[in-house]
Amino acid sequence: PSGYTWIEEYVNSFFGAQPSPATVTPGPPPTVTQTLALTLPPVPVTPSAQITFAVIGDYGTASSNELAVANLVKSWNPNLIITTGDNNYPSGAASTIDKNIGQFYHDYIGSYSGTYGAGSAINRFFPSPGNHDWVAANLQPYKDYFTLPGNERYYDYVVGPVHFFAVDSDSHEPDGVSQSSAQALWLKNALANSTSPWNVVYFHHPPYSSGTNHGSTTGMRWPFKTWGADVVMAGHDHEYERLLIDGIPYFVNGSGGASLYSCGTPLAGSQICYDANYGAMKVVADSSAMQFQFVNRSGTLIDSYTFTGSSVTPVPVTPTFTRTPT
């Protein structure tokens, strides 16, 4: 047809005539701002591959503290970022969500349409909702802003050797937050069907916390290990804590940007509680082990822990952490 080039004629000789150029809608031209997303491993990656993921919590404040943590996280070049809730302070509003999240993490967000630059060619940002996100009716700004699996409130996905389960621990969740709720039944069944080396469950309200502001949310003490979880992560209390409960690690990670809280009297099973600075978790996982590190915004390694399933091995670090007495 008129307008065809010799290249098109060559292709047609193998595959048949192609649509006229007049009927083809061209895709967006490549831009320099997309280079970062294109050079990073896709999601999912090969199940046997090693992946790095970052964990942030209680971060969405559009503050210098959030900026420092975001810069730290990006320096690790993680395959993905997960959040333990409270993504958009103070009230989960549509008017603040891009400023609080996209300003710092847009290059990890798939289908990004905010004002701070290009998003990711694939989604690499997987939040869980917190109580501040739920202040907005029906969690609507959150659901409109992100493109997530399932119902977007709770969902699962696999990246490399890790099967991730994002849970909604807020009392506004329509499918409930009790151990016998529809949401809990979904998690129990999904964990039972997982074939991944590692199952990571994360949400906002911590089942166990030595923090003085909120403390433990006992209603979220679901039988995670019995159901098949290897690790449980939460936020809500604005400090970092690692606990060993029922033979698996539980983490509280709420130091991503909002005002810090204080550690209190340690719960049974608490290994470390740190409330002196902001920071994030870096997790490196392959098919045989997961290494968890908490690094503060100054780049100081505060805690390191390697989990192999049958045992947990603490890695000694300089004791720069604090446990503020009550």
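1. A salt bridge is taken here as a side-chain nitrogen of Lys or Arg within 4 Å of a carboxyl oxygen of Asp or Glu. The structure holds four such bridges. The model is predicted: local features need pLDDT of at least 70, side-chain atom pairs count only at pLDDT 80 or more, and totals for chains, interfaces and linings use all residues. Side-chain values use heavy atoms, with hydrogens and water left out, and residues are numbered from 1 along each chain as its sequence is written.

2. The protein chain contains seven helices and 14 strands; these are DSSP runs numbered from the N terminus (helices H or I, at least four residues; strands E, at least two). Of its 326 residues, 52% count as buried, where buried means under 20% relative accessible area, exposed over 50%, and partly exposed in between (1.4 Å probe, protein chains only). Among contacts with a separation of 6 or more, 63% are between residues 24 or more positions apart, a contact being heavy atoms within 4.5 Å.

3. One of the salt bridges joins the side chains of Lys74 and Asp107, at 3.4 Å from N to O. Lys74 belongs to helix 3 and Asp107 to the loop between helix 4 and strand 3, so the pair ties together parts 33 residues apart in sequence. Lys74 is partly exposed at 29% relative accessibility, whereas Asp107, at 14%, is buried.

4. A salt bridge also pairs Arg242 with Asp303, with the closest N and O atoms 2.7 Å apart. Arg242 is in strand 8 (residues 240-245) and Asp303 in strand 13, 61 residues apart. Both residues are buried.

5. Asp175 is in the loop between strand 5 and helix 6, and Arg153 in the loop between helix 5 and strand 4 (155-159), 22 residues apart. Relative accessibility is 26% for Asp175, which is partly exposed, and 11% for Arg153, which is buried.

6. Located in the loop between helix 7 (224-227) and strand 7 (231-234), Asp230 is buried yet has no salt bridge, and the nearest side chain of opposite charge, Lys225, is 8.8 Å away. A polar atom of the Asp230 side chain lies 2.8 Å from the backbone nitrogen of Asn199. Residues touching Asp230, beyond those up to four places away in sequence, include Pro197, Trp198, Ile248 and Phe307.

7. Helix 6 (residues 182-193) has 12 residues and reaches 17 Å from first to last C-alpha, close to the 16 Å expected at 1.5 Å a residue; the expected span is 1.5 Å times one less than the number of residues. Gln183, Ala184, Leu187, Ala190 and Leu191 are buried in this helix. Viewed down the axis of helix 6, its buried residues fall within an arc of 130°, so they line one face; the arc is that of the directions from the helix axis to the C-beta atoms. On the other side, Ala192 and Asn193 are exposed. The cover over the buried residues of helix 6 includes strand 5 (162-166), strand 6 (198-202) and helix 7.

8. Phe125, in strand 3, is buried with a relative accessible area of 0%. Its contacts beyond four places in sequence include Ile56, Ile81, Ile101, Tyr105 and Phe146.

Definitions and conventions: Lys, Arg positive; Asp, Glu negative; His and termini not counted. Polar contact = N/O pair within 3.5 Å; in protein donor to acceptor, adjacent residues only side chain to side chain.
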